[in-house]
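User: I would like to go through the terms used for this model and see what each one rests on. Please set each value against its cut-off.

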Amino acid sequence: MFKPHKLAIIGLGHVGSAVLARAIACQLAADIACIDIKPGVAHGEALDAVHSLSCSYVPGIHVHSGGFEECRDADVIICDAGPSILPGQKMDRLTLAKENIAVIREVMGEVTKYTREAVFIMITNPLDITTYVAATEFDYPAGRLFGTGTTLETMRLKSIIGRHYHVDAADVQGYMLGEHGNSAFPAWSTVNIGGVPLASLDDFYDHDKEMNCQEIAQEVVNTAYDVLQSKGWTNTGIAMGACRLAKAVLFDEHAVLPVSMPFQGEYGLTDVALSLPSIIGRHGVEKRIPLNLPADELELLKKSAESVQAVMRANKVIA
């Protein structure tokens, strides 16, 4: 018998509510459950969404609130539980580690009472640390739990390069890798537009000035904080990224996207979760793609790992 797709969203703050809105607009799932530590918030977001469903372009979607038991038959869980950086605080997601490690341990303790079968997509920051904790401490099947990682940074990189060369961002290929945070870096060796590599882009595409790779790398990282300082939070871009990943799972796309998972010796790295291009299908991450990175990018990846691991050690996640 056909089973309609079910999506559970844990945490209905600014990001979770944006995920809900985007999931409805994209008709990702016929059944969407809203879960929050404040039941009234989950109820209010679900009720608000229900009233939006009278629009003819989103028919047949059931949105409701509930507790963690709603995860029991979910196909995909998207988690944004826990606090985010606020304006005026240090602009570094790693500062959220102590509080959000505790939040995610509590969330995972509840989720795993009901399922280890749903594909679990982590958004909670510091993303790579919460992903590592959730993936390694709760016996979740390998590949079924991963973080949005540098999916959002990659979207931003493609947008900036596309604007520079006056082309559609969707036609820019390339990845941001490493931490979802300040040590993320562009893998320039992967960047091309229409098959034209980075070194030859100026010869084929219109541009108003010379591209400064270092400035673009910093702009990608700073964009999140520019948005945060301007409106008080970030939510639209990451909601789009999370729903893109959920779509790849629900429709078994085998899409190649950069997500965060614990390393298993790639590049000699262990005891850390970082982003690599990965094949995403109905079982979650079906394969990781350890790119043949040049020496300078490999060094940046290792520095990113060291940055994340230092915070994990300080919080006794790893020895």
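Analyst: A salt bridge here is a side-chain nitrogen of Lys or Arg within 4 Å of a carboxyl oxygen of Asp or Glu. This is a predicted model, in which local features need pLDDT of at least 70 and side-chain atom pairs count only at pLDDT 80 or more, while totals for chains, interfaces and linings use all residues. Residues are numbered from 1 along each chain as its sequence is written, and side-chain values use heavy atoms, with hydrogens and water left out.

User: What makes Lys113 and Glu110 a salt bridge?

Analyst: Their closest N and O atoms are 3.1 Å apart, and the cut-off is within 4 Å, so the pair counts as a salt bridge.

User: Why is Lys113 called exposed?

Analyst: Exposed means over 50% relative accessible area, buried under 20%, and partly exposed in between (1.4 Å probe, protein chains only). Lys113 has 57%, so Lys113 is exposed. Glu110, at 25%, falls in between and therefore counts as partly exposed.

User: How do you know that Glu70 and Lys6 pair, and are they buried or exposed?

Analyst: The closest N and O atoms of Glu70 and Lys6 are 2.7 Å apart, which makes a salt bridge. Glu70 has 16% relative accessibility and counts as buried; Lys6, at 4%, also counts as buried. Asp73 joins Lys6 and Glu70 in a network of salt bridges.

User: What does the Glu70 and Lys6 pair tie together?

Analyst: Glu70 lies in the loop between strand 3 (62–65) and strand 4 (76–79), and Lys6 in strand 1 (residues 6–10), so the pair ties together parts that are 64 residues apart in sequence. Strands are DSSP runs of E, at least two residues, numbered from the N terminus.

User: How many salt bridges are there in the structure, and how many between domain 1 and domain 2?

Analyst: The structure holds nine, and the count between domain 1 and domain 2 is zero. The domain bounds, 6–147 and 150–312, come from an automatic or database domain assignment.

Key. Helices (H or I, at least four residues) and strands (E, at least two) are DSSP runs, numbered from the N terminus.
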